[in-house]
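Good morning, and thank you for joining. Please keep the display in view as I speak.

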Amino acid sequence: MSRRYVIGGNWKMNLTLPEAQELGSGLRNRLGSHRGAEAIVYPSFPYLQTMVKRFDDSRVAVGAQDLHTEQSGAYTSGVSVQMLTSIGVTHVLIGHSERRAVFGDSDEIVAQKLSVALANGLIPTLCIGETREERHSNETFSVLERQLNSALRGHTPQALSKLILAYEPVWAIGTGLTASPAQAQEVHAWVRGYVGSLLGSSFASQVPIQYGGSVKPANAAGLLSQPDIDGALVGGASLKAPSFADIIKSAH
Ligand code: PGA
């Protein structure tokens, strides 16, 4: 059986609608009948419904970059899980480092968002990662432990069966700095071990762990050849159809 890879494209706050449509069409054309890695794109909220239609009947799934902790009510600007599922969105990013750093999503909020996604059948990608300061003060593993523990605690392996994890060292996001394959592999192996201690080794052996942080066509294959790197969460390089398609195709 070939290995499972999951590649996400996080468009962040980029692209106009025509640009997003062009990217969507470009990806569809380039991926054609490609049967390798699973692919998910995460457009901004206003384009989700358009993208769900554009990728209808394709191998590319569509996810949201965030969701609100509450189901409905007086939360001006919030986007609820039911709004997302009602337009055909299937995936969601939870706890991206920019949500944590720029919008103040605490570990508690991240945990609530994960619970809401799971309870409503959205497939979550839980993002974890240390900052440069934390790495330099040797806190990488304690930070990851705190982030994993607070989000996953209280859930059964069954409830988390569709979970995707993304290890994204914050110092590598959007900076052009990438963890070397060996550096990333070391952390991924640790994450898998720690997840095993929380949820059991059979769960840990099958949960996909993506790497994120300046992944591009030139470094994707090296990262994805590591035994515990099961995919990538791609920001900048997912905004151009040729580079994102190349990354998807390099996963095999
Ligand atoms: P980047 O972003 O590929 O532009 O570094 C990755 C991410 O934030 O998911």
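In strand 5, T125 is the bridge partner of L93. That contact belongs to a set of four bridges joining strand 4 (residues 91-94) to strand 5, and the two run parallel. Strands pair here if DSSP finds at least two bridges between them; the strands themselves (E, at least two residues) and the helices (H or I, at least four) are DSSP runs, numbered from the N terminus.

This is a predicted model, in which local features need pLDDT of at least 70, side-chain atom pairs count only at pLDDT 80 or more, and totals for chains, interfaces and linings use all residues. Residues are numbered from 1 along each chain as its sequence is written, and side-chain values use heavy atoms, with hydrogens and water left out.

Strand 5 is also joined by four bridges to strand 6 (residues 164-167), again in a parallel arrangement. There, I128 stands opposite Y167.

How covered is strand 5? Six of the six residues in strand 5, 123-128, are buried, meaning under 20% relative accessible area, whereas exposed means over 50% and partly exposed lies in between (1.4 Å probe, protein chains only). I123, T125 and C127 point one way, P124, L126 and I128 the other, and all are buried.

I turn now to backbone angles. Most residues other than glycine have a negative phi. S77, not a glycine, has a positive phi of about 85°; S77 lies in the loop between strand 3 (60-64) and helix 3 (81-86). N138, also other than glycine, has a positive phi near 60° and lies in the loop between helix 6 (132-136) and helix 7 (140-152). S77 counts as exposed because its relative accessibility is 72%, and N138 counts as exposed because its relative accessibility is 72%.
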